[in-house]
Amino acid sequence: MLRHRGPGQIQFWFIALAIGIASGFAALVFRLAIEWLQTTLYGTEDPNTLASFAETLPWYWILTIPMLGGAAVGLIVHFFTPDGRVRSVADVIEGAALNDGRLEKKAGIASALSSWITLSTGGSSGREGPVVHIAAMIASWVSNLLRVDGITGRDLLGCAVAAAVSASFNAPIAGALFALEVVLRHFALHAFAPIVVASAAGTVINRLAFGDVTEFRLPGTTTVEFYLELPAFLILGLVCGLVAVVTMRAIFAADDLGTGLQRRLGLPHFLRPAVAGIMLGALAIFYPHIIGVGYETTSLALTGNLLMHEAIVFAIIKVVALSITMAGRMGGGVFSPSLMIGALTGLAFGLIATGIFPNQSGASTLYALAGMGAVTAAVLGAPISTTLIVFELTGDWQTGLAVMVSVSLSTALAARLVDRSFFLTQLERRNVHLAAGPQAYLLAMFSVTGVMRKPTDLHAADEESCHTMIAQELFVSAASTLETAMPLFEKSGVAFLPVIKRDAETDAPILQGALFHVDALKAYNRALAATAAEEHS
């Protein structure tokens with residue numbers, strides 16, 4: 001009953017609760033593990049003030065720690081991942097869409113270790129992406145244990161993600177909506193209740209450990225001159241959208257540059273993170289604020305304790321450091337860096353705006369708050385959950401209109417310049433086409449061998465006609481999917497395509513069967529109907 005009717009059963013909610021508790025503890029343990037290793041390596045008593053403490057350390061120690069961390073990450077991903085790539089949120093989204101909520105085990109565990117080392121040794125990325133992936137692996141293990149179907153597996157995955165996000169940020173509302181908006185990418189009613197249960201469980205875990213406190217504390221309450229200042233927040237939204245696009249494209253450009261240099265120089269894959277670590281260490285000697293998730297600098301921006309030129313320079317350097325970390329395949333996520341870059345951007349904009357119109361403006365810190373939400377929403381492609389997470393992170397609910405205006409403009413602009421979000425653009429670069437919706441990626445889920453008619457089947461294709469078409473180079477490989485076959489049908493106009501595989505010794509084509517256009521369309525239509533039913537149930 002749980003395998004095939006899981007989301008509709010009350011027992012399923014208890015499983016969602018258990019996954020929420022497990023994911024909450026996973027997020028807590030991951031956070032404490034990072035703080036323990038940071039404390040051990042850097043010698044600081046308070047990991048939350050690591051950036052300012054690092055200014056007192058010898059330069060060679062700042063340089064050495066990220067290099068050693070990168071070397072360790074390089075060895076882990078070299079031996080335990082097939083492609084030398086650390087898994088994160090994009091892989092969770094792919095697992096939800098294409099693999100019935102399942103993720104890789106071995107590569108996933110290696111990625112968790114890599115991200116832990118990266119974030120503890122000076123990598124300039126975020127901890128939320130790895131936490132989401134760790135929680136998703138827990139849900140994947142439960143799904144395999146219960147042998148549940150795709151809908152149930154995806155809902156369990158959403159429960160784990162919601163609990164992980166809410167446990168990381170003490171943000172139950174945003175955690176639930178993040179799972180629905182970013183990972184599942186629908187708001188179906190059957191998924192909502194168990195995801196909320198799991199998200200609440202994750203929040204309880206956080207509050208038991210750290211108390212009911214917000215991640216960032218703002219000085220007093222902020223106010224906004226709504227009628228006069230709203231145009232400024234519209235402009236801020238556009239600026240933040242451009243900053244988000246620059247950040248994403250910088251990461252992808254750095255990744256392409258790193259791959260090109262690696263091939264040209266013949267650098268082994270396992271040395272790539274070490275080289276990135278050296279670069280980060282050298283940068284951190286002059287700008288220690290890039291070390292780790294950067295919450296200390298984000299807090300300084302939100303409280304207005306930075307000058308304008310500091311905010312601008314720190315934002316630029318953080319983009320550079322994040323690009324080096326991600327391009328170096330070191331691990332970590334983009335959530336926390338986006339918060340930091342957004343807060344710095346907003347503060348710089350606010351200082352300019354309030355300086356030009358001092359009598360009609362509120363506090364510059366309000367712009368930092370709105371900028372934090374605007375850049376993060378554009379990077380994640382999650383305007384709803386990001387708007388809420390900004391409120392829950394700061395406890396400031398009185399400036400909702402300003403944040404919403406900035407977020408809406410930034411996401412609308414950025415979505416036109418990238419494939420909707422950082423994660424979907426990552427997948428698009430791997431030829432996983434999720435950004436356009438189910439109509440684009442469902443074809444890739446069907447192997448031609450699963451849809452074709454074998455020569456022995458009733459109404460099979462004429463073998464002589466098949467061999468004639470093979471001689472004309474009109475066929476599909478047995479390893480292909482409908483994503484490859486459907487354009488051939490459109491181009492050739494034939495009723496069927498021969499399916500072949502190559503002989504291992506002679507490379508001669510061996511007929512496996514024939515893929516009929518009508519069968520491919522039926523399979524595609526059934527998949528579209530099932531997806532629509534899941535998203536509207």
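Two strands pair if DSSP finds at least two bridges between them. Keep that in mind for the first stop. The model on your screen is predicted.

**Stop 1: the sheet**

Select residues 496–502, which form strand β2, and residues 509–516, which form strand β3. These two strands run antiparallel and are joined over seven bridges. Now pick out single partners. Click R502, then look across to β3: its bridge partner there is P509. Move to K501, and the partner in β3 is I510.

Next, select the link between the two strands. Six residues lie between β2 and β3 in this hairpin. Stop at D507, where phi is positive, near 65 degrees.

You now have an open sheet of three strands, in the order β1-β2-β3, with mixed pairing.

**Stop 2: the largest pocket**

Rolling a probe the size of a water molecule over the atoms shows where empty space is left. The largest pocket here has a volume of about 750 Å³. Select L184, R185, P438, Y441 and E535 to find its centre: of the 36 lining residues, these are the closest to it.

Now colour the helices around the pocket. Among the elements that give two or more residues to the lining are α5 (89–98), α8 (150–169), α9 (172–184) and α16 (364–380). Others on that list include α17 (383–394), α18 (400–417), α20 (438–441) and α24 (517–535). Which element gives the most? Select α24, which supplies five residues.

Switch to colouring by residue type. The lining divides into 23 nonpolar, six polar and seven charged residues.

**Stop 3: T411**

Stay with helix α18, and select T411 within that helix. Is T411 buried or exposed? T411 has 14% relative accessibility. Buried means under 20%, so T411 counts as buried.

Show the side chain of T411. One of its polar atoms lies 2.8 Å from the backbone oxygen of V407. Then show A377, A378 and P383. T411 is in contact with these three residues, leaving aside its neighbours within four places in sequence.

Key: Residues are numbered from 1 along each chain as its sequence is written. This is a predicted model: local features need pLDDT of at least 70, side-chain atom pairs count only at pLDDT 80 or more; totals for chains, interfaces and linings use all residues. Side-chain values use heavy atoms; hydrogens and water are left out. On a 1 Å grid over the protein atoms alone, a cavity is a set of points where a 1.4 Å probe fits but cannot get out, and a pocket is an open set with protein on both sides within 12 Å along at least five of seven lines; lining residues have an atom within 4 Å of a point. Grid points are joined across faces, edges and corners, and a volume is the space filled by probe spheres set on the points. Helices (H or I, at least four residues) and strands (E, at least two) are DSSP runs, numbered from the N terminus. Ala, Val, Leu, Ile, Met, Phe, Trp, Tyr, Cys and Pro count as nonpolar, Asp, Glu, Lys and Arg as charged, and the others, Gly among them, as polar. Buried means under 20% relative accessible area, exposed over 50%, partly exposed in between (1.4 Å probe, protein chains only). A polar contact is a pair of N or O atoms within 3.5 Å; within protein, one must be able to donate a hydrogen and the other to accept it, and residues adjacent in sequence count only if both atoms are side-chain atoms. Contact means heavy atoms within 4.5 Å.
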